[in-house]
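User: I would like to learn how to read a sheet, a helix and a ligand site. Can we work through one example together?

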Amino acid sequence: MKTFFSEDHRLHFPQAELSGGEFVTPFERPSRVEYIRNRLISRGLGAIEDPGPVDMDPVQTLLDPGYLRFLETAWADWKAAGMAGEIIAANVPARGMHMDRVPDFIDGKVGYYCHASETAMTAGTWAAAQSSMASAQAAVRQVIGGARSAFALCRPPGHHATRDQYGGYCFLNNAAVAAQMLRDGGAARVAILDIDFHHGNGTQDIFYDRGDVPFASLHGAPQDTYPYYIGYADETGRGAGEGANLNLPMPPGTPYSTWSEALDSAIARIAGWGAEALVVSLGVDAYRDDPISFFKLDSDDFTDAGARIGRMDLPTVHVMEGGYAIEAVGINTVNVLEGFLG
Ligand code: Q9C
Ligand code: ZN
């Protein structure tokens with residue numbers, strides 16, 4: 001399996017994450033993907049290639065143009081306004097306020113286009129987000145070209161980003177654009193299976209009204225974890241998308257015996273949807289030692305999960321999402337891919 005990876009992820013390295021009322025070194029840090037790359041090499045999983053430039057056409061078609069312009073200019077606007085630090089959202093539109101009027105001043109714009117203030121933006125964030133997207137796109141081209149699978153080693157991750165909001169360490173929804181590109185490449189129905197510990201709110205939202213890109217997510221129950229306000233089992237899709245959204249929230253302490261049953265039901269639903277291609281939002285933060293998550297998967301469980309996904313026998317683009325147990329993130333990620341390959 002080929003991997004696509006851009007060194008430009010290093011351009012995104014905020015110093016601060018707001019966590020428990022303190023600024024801490026972000027959990028989503030550059031070394032994460034270095035561990036994954038080193039493990040890919042030591043296990044001989046296949047070539048690792050630079051993706052080349054991003055293609056913004058499918059990104060602009062799927063996402064909000066005003067949001068993309070904001071991401072492009074946010075740092076310059078922030079600095080021009082005399083802000084001393086990294087971009088952090090301090091205000092967001094709340095109940096009773098206008099949800100659809102974009103402020104002129106950058107401080108207000110930031111809150112308009114952000115849903116979670118733990119995530120900081122810096123000078124290189126936009127370039128890094130685009131290079132992350134480029135890896136997803138190169139992996140899609142590989143699969144459209146006939147490969148059974150490809151791995152997009154994306155950083156920053158994407159599944160929390162909606163059409164017009166960033167947050168949860170995500171700026172551009174790589175998996176969503178990958179699925180749309182597989183549709184455009186000829187697959188009539190493209191399923192997205194999100195095994196990251198957190199609910200893929202952005203991906204769900206982007207395709208919620210559509211039946212051609214069904215979405216299934218295994219995640220920590222929203223009552224107990226981010227993104228808190230979405231990810232319930234009764235969110236089943238809307239209009240043409242009714243029945244094409246499957247949420248499988250699970251409580252703190254969930255072991256692999258329970259998680260794997262949920263995975264099997266997601267896999268059965270994807271088969272029932274008649275998917276012709278698959279995008280896996282591949283987060284490994286369901287790991288027992290993940291510092292911000294509460295599932296109890298062991299490293300070997302990720303191999304088994306990958307094998308179950310592989311038995312779906314669909315052309316598959318794996319897109320990297322979360323996973324913050326730095327020492328194990330490479331092992332766990334490559335275990336999924338090796339299990340998939342069988
Ligand atoms: N005090 C992904 O896994 N909440 N994003 C962190 C830490 C945000 C996770 C709380 C978690 C976002 C791609
Ligand atoms: Zn996650």
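Analyst: Start with the pairing rule: two strands pair if DSSP finds at least two bridges between them. This is a predicted model. In it, five bridges join β6 to β9, and the two run parallel. One residue pair to look up is Ile192, whose bridge partner in β9 is Val279.

User: In what order do the strands of the open sheet lie?

Analyst: Strands of a sheet pair through backbone hydrogen bonds, either parallel or antiparallel. Here eight strands follow the order β4-β1-β5-β10-β9-β6-β7-β8, with parallel pairing. The edges are β4 (48-49) and β8 (245-250), each pairing on one side only.

User: Now the helix. Which residues of α9 are buried?

Analyst: An α-helix has 3.6 residues a turn, so residues three or four places apart point the same way. In α9 the buried residues are Asp301, Phe302, Ala305, Gly306 and Ile309. They cover an arc of only 145° around the axis, so they sit on the same side of α9.

User: What do the buried residues of α9 pack against?

Analyst: Their partners are β6 (190-194), α8 (256-273), β9 (277-282) and α10 (326-341).

User: How far apart are the end C-alpha atoms of α9?

Analyst: They are 17 Å apart. At 1.5 Å a residue, the 12 residues of α9 (299-310) should span 16 Å, which agrees.

User: Last, the ligand. How many residues surround ligand 1?

Analyst: The shell holds 16 residues, and the closest are Ser19, Pro157, Gly168, Tyr226 and Gly322. By class, five are nonpolar, seven polar and four charged.

Technical notes. Residues numbered from 1 in each chain as written. Chains lettered and ligands numbered in written order. Predicted model: local features only at pLDDT ≥ 70, side-chain atom pairs only at ≥ 80, totals over all residues. Near = placed C-beta within 6 Å. Nonpolar A, V, L, I, M, F, W, Y, C, P; charged D, E, K, R; others polar. Helix = DSSP H or I, 4+ residues; strand = E, 2+ residues; numbered from the N terminus. Expected span 1.5 Å × (residues − 1). Buried ≥ 20, exposed ≤ 12 C-beta atoms within 10 Å, placed from the backbone. Arc of directions from axis to C-beta. Contact = placed C-beta atoms within 7 Å.
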